[in-house]
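Subject: Structure for you to look at, with notes

Dear colleague,

My notes on what was found in it follow below.

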Amino acid sequence: MDRVALVAFPGIRAFDVSVITEVWGADRTDRGAPAFDLRRVATDTTTPIPLRGGLSLRPDRTLTWLSRADLILIPGLDDHITPAPAPVLDALRRAHARDTTIAALCGGAFTLAQAGLLDGRRAITHWNLVDDLRTLHPYVTVVPDALFIEDDNIWTAAGTAAGIDLCLHLVRRTHGAEAAATIARSMVTAPFRTGTQAQFIEHPTPRADRDADTLAAVREHALRHLHEPLTVGDLAARAGMSPRSFARHFAAETGTTPLRWLLDQRIAAAQKLLERTDLPMPEVARRAGFGSEVTMRQHFASRLATSPRAYRAAFSTASASAPVSEEAGSSPIAR
């Protein structure tokens, strides 16, 4: 059972507390999700932590519990310049020295920066706070356009929905895509958004709205035909656009390129096939649209820092899974 610590102190955002609690605090073991032990950690357990909106959070463990945690989570802040208590900063430094995974949502990056944990490392925060993070903490390498990133086992995320994306990603990397998808279904949210996706997408014009309907149909077609050798040119032709125009509209709507999106979906399809079936590797590669096991292995190494075989060994549930259809998109992806 994963031991997860939510670090609490005055000024943390109620929304982020709720997200963390929803992902790691609900018992979904009856649906096949892993069990978690989520604890609310603070300098003491006798004083409730005030939250905006008349809410309060009662800690159930002191900072000493962080030495037992597998994952430490820092909620965002109502005011990003809110100073964290010195004991909290000291405890975070010690946790990082132990190589405990630490993740901050939204303005929680400022708390990690106060502790000096982001100096010389890459980090992200809400797009509206990027300049402030650069100014207040000049030794941090601020990434201006991402949903979440990792550096030296420290994760940071952009605002609001990106915090949900990071939480689900952390579940996915520890317990596999199916576990993250189970939690996402319960939360009625998307189970997979890549961290490299842009966090800010401009509102489309009325003409672009019509294009968006077309692009949504193209993405649906791609998901149902991932096993085919689709190219960006194929998708552009289906949308009735030139490849250049298609790429521009696609990025404006999704925050990523068509090629990166297609690759992300193929990796996700392969993950589900590896978890839910005992198909041989060449067949998994074919159904996910990689063409060859070698190509699939290369993309797993670059995106997931593991191999398909190691991924299957870690996350396979094939013995209890139903058969999947020939088309990867119709079962492993679409939900």
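Helices (H or I, at least four residues) and strands (E, at least two) are DSSP runs, numbered from the N terminus. The model is a predicted one, in which local features need pLDDT of at least 70 and side-chain atom pairs count only at pLDDT 80 or more, while totals for chains, interfaces and linings use all residues. Residues are numbered from 1 along each chain as its sequence is written, and side-chain values use heavy atoms, with hydrogens and water left out.

Of the 335 residues in the protein, 53% are buried, where buried stands for under 20% relative accessible area, exposed for over 50%, and partly exposed for what lies in between (1.4 Å probe, protein chains only). If contact is taken as heavy atoms within 4.5 Å, then among contacts between residues at least 6 apart in sequence, 66% join residues at least 24 apart.

A305, in the loop between α12 (293-304) and α13, has a positive phi of about 55 degrees, and it counts as exposed because its relative accessibility is 69%. N153, which is placed in the loop between β10 (148-151) and β11 (154-157), has a positive phi of about 65 degrees, but N153 is buried, with a relative accessible area of 14%. A positive phi, near 55 degrees, is also found at V188, the residue that follows α6.

Helix α6 itself (residues 177-187) is mostly covered, in that nine of its eleven residues are buried; among them are A177, E178, T182, I183 and M187. The buried residues of α6 pack against α1 (14-24), β2 (36-42), α5 (161-175), α10 and α13 (308-315).

Leaving aside neighbours within four places in sequence, L170 is in contact with W24, L71, L73, A103 and W155, and its C-alpha atom is separated by 8.5 Å from that of A180, ten residues apart along the chain. A162 also lies in α5 and, at 3% relative accessibility, counts as buried; A162 and L147 are 15 residues apart in sequence, with 5.4 Å between their C-alpha atoms.

Two packed helices are described by the angle between their axes and the distance between the axes. Here axes are lines fitted to C-alpha atoms, for helices over the stretch in contact, and angles run from 0 to 180 degrees between N-to-C directions; those under 35 degrees count as roughly parallel, over 145 as roughly antiparallel, 65 to 115 as roughly perpendicular and the rest as oblique.

The axes of α10 (residues 258-276) and α11 (residues 281-288) come within 9 Å and cross at roughly 140 degrees, which means that α10 is oblique to α11. The contact is made by R266, A269, A270, L273 and L274 of α10 together with M281, V284, R287 and A288 of α11. With α12, on the other hand, α10 packs at an angle of about 100 degrees, the axes being 11 Å apart, and these two helices are therefore roughly perpendicular to each other. On the α10 side this contact is made by R260, L263, D264, I267, A270, Q271 and L274, and on the α12 side by M296, H299, F300, R303 and L304.

Finally, a search of the whole structure finds five aromatic pairs. F246 and F250 form one that is tilted, at 5.6 Å centre to centre and 50 degrees between the planes; rings of Phe, Tyr and Trp (its six-membered ring) pair if their centres lie within 6.5 Å, and planes under 30 degrees apart count as stacked, over 60 as edge-to-face and the rest as tilted. Both residues lie in helix α9 (residues 243-254), four residues apart, about one turn of the helix, and both are buried. Together with W261, F246 and F250 form one aromatic cluster.

With kind regards
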